[in-house]
2 protein chains.
Amino acid sequence: MDSHTQIPTLDDIRNAAARIAPLAHVTPVLRSRSLDALAGCRLHFKCENLQRVGAFKFRGACNAVFSLDAAVAARGVVTQSSGNHGAAIALACRLRAITAHIVVPEDAPQAKVDAMRLHGAHLHRCAPGMAARNALSARVLAEMGGTLIHPFNDARVIAGQGTATLEFLAQAPALEVLIAPVSGGGLLSGTAIAGQSLAPGIEIVGAEPEGAADAHDSLRAGERISGRRANTVCDGLRAELGPLTFAILRERVSAILLASDAEALAAMRLIFARLKLVVEPSAALALAVVLRHKARFAGREVGIILSGGNLDLDKLGMA
Amino acid sequence: MDSHTQIPTLDDIRNAAARIAPLAHVTPVLRSRSLDALAGCRLHFKCENLQRVGAFKFRGACNAVFSLDAAVAARGVVTQSSGNHGAAIALACRLRAITAHIVVPEDAPQAKVDAMRLHGAHLHRCAPGMAARNALSARVLAEMGGTLIHPFNDARVIAGQGTATLEFLAQAPALEVLIAPVSGGGLLSGTAIAGQSLAPGIEIVGAEPEGAADAHDSLRAGERISGRRANTVCDGLRAELGPLTFAILRERVSAILLASDAEALAAMRLIFARLKLVVEPSAALALAVVLRHKARFAGREVGIILSGGNLDLDKLGMA
């Protein structure tokens, strides 16, 4: 696995883009005059909720699965995920006709678990929290064999996530800031590498829930903090940075900004009402951060990556 | 008003497209493999829920308002609407800096009424039903002066609605069928004229709720049926054909297909879950019709116009 813990380059991201092009969607960028007025800046929304499996995660999973040698791929893939990465690995493995084993915490949203099953993955349930996830992943890997594709601490995955920003900057070349939610840091790492390589002066900002602020605290402390228990409705943002993503983000991110769960849910409602897009709370958090820190973004061209749209609709009264 | 009751041509639609281009969005077309599998055909969704004011109605309203001579425009505009057309006229009038008077039935959804107010229109509330709407419209027109822009029985409005299909066929040239919801028939008329002019063999299908099946029954009877009371959750589909739209549709539409309210709501949920789009029940009805009449569409390239995305979010538990 050592070769996948090197920091990926712009070339790696370009190679990933070519690899996934036949399989992934080029997602649209939407704008809203009323949200611009509310935020006091010019917002550009990269709609990764419209990506396959409803999340950017398909980019990284697809790049990782399709970069395996045939003989290695034939032994299958093991990963751990609370949702979108698992669904993405499940679909990528189905497209490559290989087996996927996914370690899933018990508190994963039903819609995401259903998506993994839909694509034929083998699920292994564990208790919430990184320790239980890591332990069961190691056991499944030992028993099943195959290749571990970590959800974020993996250069192939990070390169895949960076392809969203290649597209985004082609679609909205004037962007001055890129904001993505941060959990394990794979999306934000790929965003930072692609963004700063193509637009050297661009600012990279992470959005993190108050109840899972490990990346914020880690960058501030200058060392990676782990082992906390996350407490947030943003179910896609409960993981902690890995060594690789910490190393990338500490060099490239100007700030991790926080917002509360209530702010994330209010932003989700705004996105439903104004953009007519279904997004999950984790995706809405980036807009919540802009609205909470308006002065910082005033008058600027701000790119937000709407990371995903998978949520349990019965919680909206739509069962 | 006589000059606006002639059947518009492809040239009128092209002129409308040029007129509204600086103001309206080119909306994306989305696809979903899982919905294709469910429907047994290849579905292409034209996302007019992502149009300004959240509905295709902005196209027709914008074309009509901006085609007025300056002196005429200065006297303002009067219209009647249960929602999206009113919001569209309100925005178009604001953009042209003229006054909008809108007759609105008491049962119009709150989100749509709010949108009209947001854009500064003067609202005049009336009882539900076409008779009350028409009576109050005539009174407001007499008192206020200005130009009446009927929501659908108007060539400028129909030409504007047809611009969605100009875009759609450029984005998805292989389409064999176009399906749009039918209420007063403006969208379906514009869709039919644009579609059959550019793709002569294309089939034009209307989608109508069982509880407001006047277009279905009118085309079957060969004469325009009116004066019924609509009973459907599809709040955008409660109007009845006008003389102009009836004349267009009887020549051009191969079928008006019906679906129930329950089918419309199930289709709305599917669109939320699979396309990650917020649509209103009226927009989801076109998918409901495809799912109810699968054999008719099996294996074909089917274009669905998702007409709008304005619904009261508090009814989804998102207040």
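Two strands are treated as paired if DSSP finds at least two bridges between them. Helices (H or I, at least four residues) and strands (E, at least two) are DSSP runs, numbered from the N terminus. The model is a predicted one: local features need pLDDT of at least 70, side-chain atom pairs count only at pLDDT 80 or more, and totals for chains, interfaces and linings use all residues. Residues are numbered from 1 along each chain as its sequence is written, and chains are lettered from A and ligands numbered from 1 in the order in which they are written.

In chain B, an open sheet of four strands was found. Its order is β5-β4-β3-β6, with parallel pairing. The edges are held by β5 (122-126) and β6 (147-148) of chain B; each has a single partner strand, so one side of each lacks a neighbour in the sheet. Strand β3 (residues 77-80) of chain B runs parallel to β6(B), and two bridges join them. Within this pair, Thr147(B) in β6(B) is the bridge partner of Val77(B). In a regular strand the side chains alternate between the two faces of the sheet.

In chain A, β4(A) and strand β5 (residues 122-126) run parallel and are joined by five bridges. His101(A) stands opposite His122(A) of β5(A). From β4(A) the chain passes through helix α6 (residues 110-118) of chain A to β5(A), and this β-α-β crossover is right-handed (with the strands pointing away from the viewer, the path from the first strand over the helix to the second runs clockwise).

Helix α6(A) has Lys112(A), Val113(A), Ala115(A) and Met116(A) among its residues, and these four are buried (20 or more other C-beta atoms within 10 Å of the residue's own; exposed means 12 or fewer, partly exposed in between, with C-beta atoms placed from the backbone). They cover an arc of only 155 degrees around the axis, so they lie on the same side of α6(A). The arc is that of the directions from the helix axis to the C-beta atoms. The buried residues of α6(A) pack against α5, β4 and β5 of chain A. Gly120(A) follows α6(A) and has a positive phi, near 85 degrees.

Positive phi also occurs outside glycine. Ala97(A) has a value of about 60 degrees. Ala97(A) is placed in the loop between α5 (84-96) and β4 (100-105) of chain A. It counts as exposed, because it has 8 C-beta neighbours inside 10 Å. For Val53(B), phi is near 55 degrees. This residue is in the loop between β2 (42-47) and α3 (57-66) of chain B. Val53(B) counts as buried, because it has 27 C-beta neighbours inside 10 Å.

The two chains meet through 16 residues of chain B in contact with 16 residues of chain A (C-beta atoms, placed from the backbone, within 7 Å). Helix α12 (residues 261-275) of chain B supplies the largest share of the chain B side, three residues. That side divides into 10 nonpolar, four polar and two charged residues. The same surface serves both copies, as 100% of the contact residues of chain B recur in chain A.

Terms used: Ala, Val, Leu, Ile, Met, Phe, Trp, Tyr, Cys and Pro count as nonpolar, Asp, Glu, Lys and Arg as charged, and the others, Gly among them, as polar.
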